[in-house]
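Here is a short report on a protein model. Have the sequence and the 3D view ready as you read.

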Amino acid sequence: VDPAKFPELAHLATGAPGALTPAMAAPANSAMPSPSSGNFLEFLHTGDQNGLVYFIATNQGTEPWRNPVTSGLIKVEASSIKKGIPPDVCDNHFDQQVFYTDNIPYSWVCIDFGNYRIKPTYYSMAHRAGPAKVGFFMRNWELHASNDSETWVVVRKHVDDQSLGDRAFRASWQVESLGLQTYRYFRIVIDPDGNSSHTSALVCSCFEIYGEWEFVI
């Protein structure tokens with residue numbers, strides 16, 4: 001993403017307040033926490049029920065699932081919404097969700113985990129419900145993380161990523177270590193003409209993220 005080319009993200013230019021910065025590598029002696037530890041949510045497979053969104057939606061596994069955006073535990077914002085509603089972004093069961101932004105360069109969707117923070121190891125998202133060959137699959141985008149929604153780090157950059165397509169409407173990606181830092185906000189930003197139909201519409205639903213979490217009051 002080159003924010004200098006799009007005024008909405010101009011504040012992310014290198015050196016400016018709220019600048020995008022590369023994710024810091026973990027110290028050489030750091031180790032990924034064991035999946036058996038109580039505050040680690042292990043990625044099992046795409047569409048599992050083991051990520052932070054599901055964890056929050058079930059009150060840490062003690063209640064039936066309820067969409068955490070509808071209940072106010074997670075907030076979702078977008079640069080624009082052409083179709084769909086914010087709860088679609090954090091749904092669990094991929095069914096009839098159709099959420100996408102306007103065709104505007106550097107369109108984004110931001111997930112605010114409220115009191116929760118996570119140091120991600122994997123993340124997942126789905127495309128949209130619909131017939132085969134629906135198009136507009138994400139190809140070039142970035143996942144960002146922040147604790148104040150102003151200063152962001154690049155969690156992962158995707159270039160010509162073919163994971164989502166006619167045969168895979170849902171996919172997952174591993175994340176390189178971000179060191180010891182946990183994060184509250186996660187933002188998906190599509191590059192200009194960054195989907196398979198060569199437009200800037202950002203299509204996503206069923207976002208999920210995994211890793212070591214904490215609850216901050």
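This is a predicted model: local features need pLDDT of at least 70, side-chain atom pairs count only at pLDDT 80 or more; totals for chains, interfaces and linings use all residues.

Start with Glu-208, which sits in strand 10, a stretch covering residues 205-215. Glu-208 is buried, yet it forms no salt bridge. Which side chain of opposite charge is nearest to Glu-208? That is Arg-170, and it is 6.7 Å away. A salt bridge needs the charged atoms within 4 Å, so Arg-170 does not pair with Glu-208.

## What Glu-208 reaches instead

The side chain of Glu-208 meets backbone atoms. One of its polar atoms lies 2.9 Å from the backbone nitrogen of Leu-52. The side chain of Glu-208 also reaches the backbone nitrogen of Tyr-54, at 3.1 Å.

What else touches this residue? Leave aside the neighbours within four places in sequence. Glu-208 is then in contact with Gly-51, Leu-52, Val-53 and Tyr-54, and also with Tyr-123 and Ser-124.

Take Cys-90: the closest cysteine sulfur belongs to Cys-204 and is 8.8 Å from the sulfur of Cys-90. A disulfide needs the two sulfurs within 2.5 Å, so this gap is too far for a bond.

Cys-206 is in no disulfide either. For Cys-206, the nearest cysteine sulfur is that of Cys-90, 9.1 Å away.

Are these cysteines buried or exposed? Cys-90 counts as buried because its relative accessibility is 0%. Cys-206 is buried too, at 0% relative accessibility.

Note on methods: Residues are numbered from 1 along each chain as its sequence is written. Side-chain values use heavy atoms; hydrogens and water are left out. Helices (H or I, at least four residues) and strands (E, at least two) are DSSP runs, numbered from the N terminus. Buried means under 20% relative accessible area, exposed over 50%, partly exposed in between (1.4 Å probe, protein chains only). Lys and Arg count as positive and Asp and Glu as negative; His and the chain ends are not counted. A polar contact is a pair of N or O atoms within 3.5 Å; within protein, one must be able to donate a hydrogen and the other to accept it, and residues adjacent in sequence count only if both atoms are side-chain atoms. Contact means heavy atoms within 4.5 Å.
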